[in-house]
Amino acid sequence: MSVVTNTTTIGAIDAPSRRNTELALVVFAVLISVYAYANVGLALNGELPSGMLGYGLGLALLGGVAHLAVRRFAAYADPLLLPLATLLNGLGLALIWRLDQSERFQQTENFVAAASKQLLFSAVGVALLVVVLVALKDHRILQRYTYISMLVALFLLILPMFFPAVNGAKIWIKIPGVGTIQPGEFAKIIIAVFFAGYLMVKRDALALASRRFMGLYLPRGRDLGPILMVWAFSILILVFETDLGSSLLFFGMFVVMLYVATERTSWIVFGLLMSAAGAVGVATFEPHVQDRVTAWLDPFAGWGKEAASEQMALSLMAFGSGGTLGTGLGQGNSDLIGFAANSDFILATVGEELGLAGMMAVLLVYGLIVERGVRTALAARDPFGKLLAIGLSGSFAIQVFVVAGGVMGLIPLTGMTMPFLAAGGSSVIANWALIGILIRISDTARRPAPAPAPSPDAEMTQVVRP
Amino acid sequence: MNKPLRRIAIFCGILVLALLIRTNYLQYVRADELNSNEHNRRVQIERYAHERGNIIVDGEPVTGSVETTGSDFKYKRVWKNGPMWAPVTGYSSQAFDASQLESLEDGILTGNDDQLFFDRTLSMFTGDKKTGGNIVTTLNGAAQKAAFEGLGSRKGAVAALDPQTGAILALASTPSYDPSVFAGNSLKDSDARQKLLKDKDKPMLNRALRETYPPGSTFKVVTAAAALENGLYTDIDAKTDSPLPWRLPQSTNLLQNEGNIPCKNASLREALRWSCNTVFGKMSDDLGNDKMIEQADKFGFNEEVFTPVRADASIYPKDNRPQNAMAGIGQASNRTTPLQMAMVASAIANDGKLMQPYMVAQRQAPNLDPVYTHEKEQLSQPLSGENAQKLQQMMETVVKNGTGTNAQIDGVTVGGKTGTAQHGLNNSEKPYAWFISYAKTDSGSPVAVAVVVEDGNANRDDISGGGLAAPIAKSVMQAVLDGK
């Protein structure tokens, strides 16, 4: 009587929890990061960096605490998500520390070493991950907060409009004594919760109530409403906060979730048309966006004339000089890019100092995180979980693409941060929370279905006695 | 909902794939182009990251490298006796690029040249510190010193050659500059360079190679060579057909001589000895413009010379008859660099063979192995050996008992020719003093030299090739002879 009916795509009854695999991978991630530190120190000063022990222990502590939390509170979670995030976070710390050592930066007026702050923010991020795992016993609880999420997300997105622009984009809020916060990073997660909750309820209406026209399912006007709203909203962010990245991110995430919820290709067509229309419309009258586009089309044309173009050209030259194997950590000149070298452009340092090989490795690590997220969505048993997981991993993928594509000149630069790698408190904290939620969903998805309760009736009917 | 999820998974995969393709394109396909982009500061950083090789004279470097701090350039170029050697080496500055030998031989000096490929590969395995190769020059330190100190505070230039090989022995230009003062990239360096650029005496101009002067009477040896080569006159002691006074063709002007000298129908030897304008002016007119150009071209006129540092082309242009006649005595639109006149003197001293002037004897890899050694090379044969020897006799007379007695050296045969080139509108400015000469021993001629002094401060009457320029030429020749 042990017929196992496997209701999930992955995992089976008595599936291994893979916690020990995770532990081994976390140890590996920490060791690689510590090795990177040693490498930087040896390359720059010919000796092991004095802070190496502190950073190494700090990172090991973070990975260890996170792992224990997962072991205790999400025993069946995906074993790859945590080590991959730890690896990126640790590598990012080493890269930021390396840029802290740059003489060019140290000579500038407002120089502040960013690595120790980043370690602190990472600790806050991991703490938030633990809080998510402890407090959020079941991700479906989030469903209850669909509309509150919407309000909070709106509030967070509108807030920076009332603060002065930093480097041409209004995406920061400044709190005296605490520092600057990028609310957009948190809004990304909260809005995914709203979309998942909203679409789960409305998906049938959106999917079925439509007319067929030229092979496409045209939605009804009232169903089109929310989409138009999101579209208008992302345009507004673009116009008032001049933040190309965030609008692309929110709209992209919405289209992905809409498509998954309705299974209708027509939504993607609409999404693409609308984003193209919005982008072209804004680009025609927004000089900030125009600068970015001209810098993208010919980075070297604006040399000496436009800061945006020069930054782009500097980034491309950093990638080029890395070549196939890179110059080695600490031996490149990616700090020529200037103030954004450790945030928006940190990937240029990877490209220059770790080379094509390192870049491909880092991109594949990001790709793995995304695909583990998609796999979690596939495995999730409830539509809300599926939508939330695909929303979060989809937005993660879009962000990685937009930032990496931007600094590599594949698409116009938008000024977002590389998750985990870049210096920036909001980013690293929010992304740990994102990983926390994905771990929670994957735990629920992979958790073995409880053994069917013995049914007394069934037993009765089975008992045949001659 | 799983079908769209799988498609999204593929979509995310495509996004990552696009990034992977892009990074391959940037870092593999376009890497070289981006790496050598003119805006890429890494090129400069790399250039100054290692000790630069040296430029070597008489086995000793005249350049060096010092470690600097405060910028991303690690090493800075320094010169030993910079003003004296600047016309040879050029400059190499962190902020203002490089010039002349420092620029042309940059590949060897930085160690990046393809000729050093094997050496570089080898040191990659042995782990040797990367350094640059050396450039061994042909220059003679004593001759250079004699030239530089001979010019002293006056404006002018000296070029000395070994007539048998074409090796450049001295190349001086005054006023000069010290390339060390702007070798770095600080504000101080920039100010020093600005000051040099604004100086109206143009200290950064390499007068030996890049300034053309009217050659004055020194050009008469070229005219004489043309006359001998074209058979206009064959015997240097026979009377020429030279009336005095002589009227310029197509003109009412009479050509004058300096003072009352015996020029009527003077022989070639006597005409050169006294520097007769009338004799050589008529000679140039008799030969005609085409034959004069032809002879000048054989000596290297109308073409840039690469030593490898480029020297401006000296000019003997197409011209009308009166101008051509005046050009025959070096007082018209023909102009010449000091190097060119040294080439003229050396071709005559070398029995008519003009050797290609050069100053890089050897390029050395960092481990001092030569990767290139110059082989002497004949540039042209401006005149036959026989005619060259006739000209030698004429020039030796000039030094023995003519205008060039100041260049006499005891026990050595010296040939020379003075020149006092007038310039400015209606001869309004102070003339240039010229002297070209060669010294000769039993084993041929070891040195030919051209000196020009443009001395705005001297008393006008004191300016003459024999008075100002000949003593400098003498001391340069003496320095070379003493070293033999």
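Predicted model: local features only at pLDDT ≥ 70, side-chain atom pairs only at ≥ 80, totals over all residues.
Good morning, colleagues. I shall begin with the interface.

Chain A contributes 50 residues to the contact and chain B contributes 33 residues. Between them the two chains bury about 3,700 Å², and 71% of that area is on carbon and sulfur atoms. Which elements supply the side of chain A that touches chain B? At least two residues each come from α9 (244-262), α12 (307-322), α13 (346-379) and α14 (383-407) of chain A. The largest share of that side belongs to α13(A), with 14 residues.

As for polar interactions, 11 residue pairs are in polar contact across the interface of chain A and chain B, both residues of each pair being at pLDDT 80 or more. One salt bridge is found across this interface. Its partners are R42(B) and E352(A), whose side chains meet at 2.7 Å, N to O.

Y28(B) is part of helix α1 (residues 2-29) of chain B. Leaving aside residues up to four places away in sequence, Y28(B) touches T324(A) and L356(A) in chain A, and T23(B) in its own chain. Is Y28(B) buried or exposed? Its relative accessible area is 59%, and Y28(B) is therefore exposed, the cut-off being over 50%.

I turn now to the salt bridges of the whole structure. Side chains of opposite charge can pair when their charged atoms come close. Over all chains the structure holds 25 salt bridges.

In chain B, R52(B), R77(B), E102(B) and D106(B) are linked in a network of salt bridges. R52(B) pairs with D106(B), their closest N and O atoms being 2.8 Å apart. Because R52(B) lies in the loop between α3 (41-47) and β1 (55-57) of chain B, and D106(B) in helix α6 (residues 106-110) of chain B, this pair ties together parts that are 54 residues apart in sequence. Both R52(B) and D106(B) are buried.

E102(B) is buried, with a relative accessible area of 0%, and R77(B) counts as buried at 2%.

Another salt bridge in chain B joins D286(B) and K282(B), with 3.0 Å between the closest N and O atoms. Both residues lie in helix α13 (residues 277-287) of chain B, four residues apart, about one turn of the helix. D286(B) is partly exposed at 37% relative accessibility, whereas K282(B) is buried at 11%.

Next, the aromatic side chains. A pair of aromatic rings is described by the distance of the centres and the angle of the planes. The search of the whole structure finds 16 aromatic pairs over all chains. How are the rings of Y37(A) and Y55(A) arranged? Their centres are 4.9 Å apart and their planes are at 15°, so the pair is stacked, given that stacking requires planes under 30 degrees apart. Y37(A) sits in helix α1 (residues 19-45) of chain A and Y55(A) in helix α2 (residues 52-73) of chain A, so the pair ties together parts 18 residues apart in sequence. Y37(A) is buried at 1% relative accessibility, and Y55(A) is buried at 13%.

In chain B, F96(B) and F182(B) form an edge-to-face pair, 6.3 Å centre to centre with 65° between the planes. F96(B) lies in the loop between β5 (92-93) and β6 (97-98) of chain B, and F182(B) in the loop between β9 (168-174) and α9 (187-198) of chain B; the two are 86 residues apart. F182(B) counts as buried, at 0% relative accessibility.

Ring pairs also link Y147(A), F194(A), F195(A), Y198(A) and F254(A) into a cluster.

Finally, two arginines lie over ring faces. R72(A) is over the face of F73(A), 5.0 Å from the ring centre, and R363(B) is over the face of Y372(B), 4.4 Å from the ring centre.

Definitions and conventions:
Residues numbered from 1 in each chain as written. Chains lettered and ligands numbered in written order. Heavy atoms only, no water. Phe/Tyr/Trp six-rings, centres within 6.5 Å; stacked < 30°, edge-to-face > 60°. Buried < 20%, exposed > 50% of the residue type's maximum accessible area, 1.4 Å probe, protein only. Lys NZ or Arg CZ within 6 Å of the ring centre and 35° of its normal. Contact = heavy atoms within 4.5 Å. Buried area = accessible area lost by both parts, 1.4 Å probe. Salt bridge = Lys/Arg side-chain N within 4 Å of Asp/Glu carboxyl O. Polar contact = N/O pair within 3.5 Å; in protein donor to acceptor, adjacent residues only side chain to side chain.
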